Amino acid sequence: AKIGGTVVHVEGPWHEDTRFLDRAAELGVWVVAGHTETEAKLDRVKKFKDHPAIVAWTLYDDANTLSTVEHLTKMNKKVKEVVPHRLTFVPLGTQSKDVPMPAAGFFDCADFVGWEMYPVASPKAADPSLRATESQTARVAELAAAAGRPFWVLPQTFAWPGGRLPTPTEYR
């Protein structure tokens, strides 16, 4: 909030109480909450469904690498049954040579999509160059436009195991 941020995407640790959410609401920061990978986790959606800080629910992190279009579509429907007044969100990314760019179908599973951009790629990345983030983001923009969905770029600021942090220039 002090630097002008308006949204934070978090998995926790607020699941047992509302202190984090309450503070976010006080600061005027929206929370994209998660994760709701399974029906068993719908209890947290029910518990916090009316909290004013929550703007959206994350259906599955790394959705295109860990889930399917069918599963995400089902979870989107279930979350919307509990909170029709909230958005749903799926973050996508290509972190390894085994994961192709996300298929267009992933853009129909939620209200909006996030692209997890890694300025300094994992040593396992299909293309570890900085230019890969630019070409991947352009492709994601095309897929989102074709689906009529907005998307967020989610720049990551950590070092992969055995890697390094991005420099300020790379991150910018």
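Okay, let's start with three residues: Phe 89, Phe 112 and Trp 152 form one aromatic cluster. Before we go on, this is a predicted model, where local features need pLDDT of at least 70, side-chain atom pairs count only at pLDDT 80 or more, and totals for chains, interfaces and linings use all residues. Residues are numbered from 1 along each chain as its sequence is written, and side-chain values use heavy atoms, with hydrogens and water left out.

So how are rings paired up here? Rings of Phe, Tyr and Trp (its six-membered ring) pair if their centres lie within 6.5 Å; planes under 30 degrees apart are stacked, over 60 edge-to-face, and the rest tilted. By that rule we get 3 aromatic pairs. In one of them, Phe 89 and Phe 112 have ring centres 4.7 Å apart and planes at 35°, so that pair is tilted. Phe 89 sits in strand E4 (residues 87-92) and Phe 112 in strand E5 (residues 112-117), so the pair ties together parts 23 residues apart in sequence.

Buried or exposed? Phe 89, at 0% relative accessibility, counts as buried, and Phe 112, at 6%, counts as buried too. Buried means under 20% relative accessible area, exposed over 50%, partly exposed in between, with a 1.4 Å probe and protein chains only. Across the chain's 172 residues, 43% count as buried.

Zooming out, the chain has 6 helices and 6 strands; these are DSSP runs, helices (H or I) of at least four residues and strands (E) of at least two, numbered from the N terminus. Along the sequence they run β-α-β-α-β-α-α-β-β-α-β-α.
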